[in-house]
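Hi,

Here's the model I promised to pass on.

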Amino acid sequence: MQRVTLGTLAARLGLSKFAVSRALSGKSGVSEQTRRRVEELAAELGYARQPAPKELRTLGLVFHDTDLVNSELHVLIQSGVQAEAQRRGYQVRVRWTHLAEEVEAFVSTCSGAIMVGPHGRDTYDRVYALDVPIVRTGWLEPLEQADFVGGSDHEAGSAVARYLVELGHTSIAFVQGAPGYRGRMERYYGVREVLERLPQINFRQMTFEKEVRFTEHLKAIESEGFRPTAFFCAHDGLAVTVVSELLRLGYRIPEDVSVIGFGDYQAATQISPQLTTVKGHGQQIGAGCVRLLDDRLNERMARDIPVRLLIASRIVNRASCGPAKRMPV
C-alpha cells in the first residue's frame, strides 16, 4: 500500500501542501472548515504525521557512497555541516548510501536533510514526498525547483582562462578524466566561454583515460601540431599526475609549461613544484547547507521559492604556473 503523505492529502482536497501542513499542526492561516476536512481525510486514509522539525532538531547528511573521487571534498563538507549545526543547536546524523529506499527511511527520521553526490531521480522523488526540507550539493536540472548550495565552477573556469591568458599562454589544454561529472564540465564551459572569443588562442580539451598514460595523450596531440604551454586540470589529483609525467619527460615547470589544478586539496602542497590551483570552500558549502535548512525549518523563506547559494572559489598562486615560454622542440 502506498504511503500517505501531505502531498496525497493536498491532491485529494485541492489544497497546497503548506495549507494541509498548517491545518494538521493547528497553526493559523486556514479556516476551521478546511481544518476539519483535512483532519477527517487524514484519519480516513491513515496519515501518520511526521514529528515537527522543532521537536526533532536533527539534520540528516546523506553521501552517495560510490562517489569516491570527491572524498576529500566530502570530508570538508561534513566538517562544515557539523560545526554550523552545533552552533545552531542541531544534531547531525550521517549516512553513506546510494540506495533509494535506504535514503528515504533515513531522511524520514530527520527534520531536514542535506544530499551530497550524484543521487538518482528515484531517490529524490522519494525524499521530496516526505515533505521535509532538502538541500542538495549535487547538480540540478535547469530551473529545477530545489534548494542548492555549491561552488562556482563555471566562474572558476572563466577566471582560470583569463589568468592563463594574462600570463601570455596562447596554447591551452583543459585536461579531465571520464566525462559525466557536471562540475568539471561547467569548468570546461567557463574556460571555453572566454577563450572562444580570443582568435589568437589555440584551445583543446584532453580527455584523460586512466587506461592510457598521460604521456600517450600528449604525444598524440603533439603529433597533430598542438603543443600546449598550459594545462588546466579538472581536479588536483589529475594535476599531480600531469606534473609528474611532464617532469619525467624532461619539461621544466613552470619554465617550459604551466599546470593549474582545482580543489586545493592536500596533494597540491605535497608535490614539487607546489601546485597553483583553484580553492574550493567545502567547509563553507557544508555550513551554507545548514544555514539554508535552518531558514526553511524556521519558515524565514517562502516555501515555493527555491534558492541557489554559490560559494565563490579563488585562484591560489603557487609555483606550477608562470609566464608562457616556447615549448622545447
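D131 sits in the loop between helix 7 and strand 4 (134-136); helices (H or I, at least four residues) and strands (E, at least two) are DSSP runs, numbered from the N terminus. D131 is not a glycine, yet its phi is positive, about 60°. Its relative accessibility is 21%, so D131 counts as partly exposed, a class that runs between buried (under 20% relative accessible area) and exposed (over 50%), with a 1.4 Å probe and protein chains only.

Before you go further: this is a predicted model, in which local features need pLDDT of at least 70 and side-chain atom pairs count only at pLDDT 80 or more, while totals for chains, interfaces and linings use all residues. Residues are numbered from 1 along each chain as its sequence is written, and side-chain values use heavy atoms, with hydrogens and water left out.

Back to the backbone. E299 is another non-glycine with a positive phi, about 55°. You'll find E299 in the loop between helix 12 and strand 11 (308-311), and its relative accessibility of 42% makes it partly exposed. Most residues other than glycine have a negative phi, and most peptide bonds are trans.

The peptide bond from I253 to P254 is cis, with omega near 10°, and P254 belongs to the loop between helix 11 and strand 9 (258-260). S272 and P273 are also joined by a cis peptide bond, with omega about 0°. P273 is placed in the loop between strand 9 and strand 10 (277-279).

Next, helix 3. T34, R35, V38, L41 and A42 are the buried residues I'd point to in helix 3. They cover an arc of only 140° around the axis, which puts them on the same side of the helix (the arc is that of the directions from the helix axis to the C-beta atoms). An α-helix has 3.6 residues a turn, so residues three or four places apart point the same way. Q33, E40, A43 and E44 are exposed on the other side of helix 3. The buried residues of helix 3 pack against helix 1 (6-13) and helix 2 (17-25), where contact means heavy atoms within 4.5 Å.

Helix 9 (182-195) is another story. Its 14 residues should also span 20 Å, which agrees with the 20 Å between its end C-alpha atoms. Ten of those 14 residues are buried, so helix 9 is largely enclosed by the rest of the structure. The buried ones include G183, R187, G190 and V191. Among the elements covering them are helix 8, strand 6 (171-176), strand 7 (202-207) and strand 8 (230-233). From helix 8 (residues 153-166), take S158: it is buried, at 6% relative accessible area, and beyond its neighbours within four places in sequence it touches G190, V191, E193 and V194.

Over in strand 11 there is L309, partly exposed at 30% relative accessible area. Not counting residues up to four places away in sequence, L309 is in contact with F148, V149, G150 and G288.

(On a 1 Å grid over the protein atoms alone, a pocket is an open set of points where a 1.4 Å probe fits, with protein on both sides within 12 Å along at least five of seven lines, and lining residues have an atom within 4 Å of a point.) Its lining has 48 residues, with N70, L73, W139, G183 and R187 nearest the centre. Helix 5 gives the most to this lining, with five residues. By class, the lining has 17 nonpolar, 20 polar and eleven charged residues; Asp, Glu, Lys and Arg count as charged, Ala, Val, Leu, Ile, Met, Phe, Trp, Tyr, Cys and Pro as nonpolar, and the others, Gly among them, as polar.

Cheers

Methods: Expected span 1.5 Å × (residues − 1).
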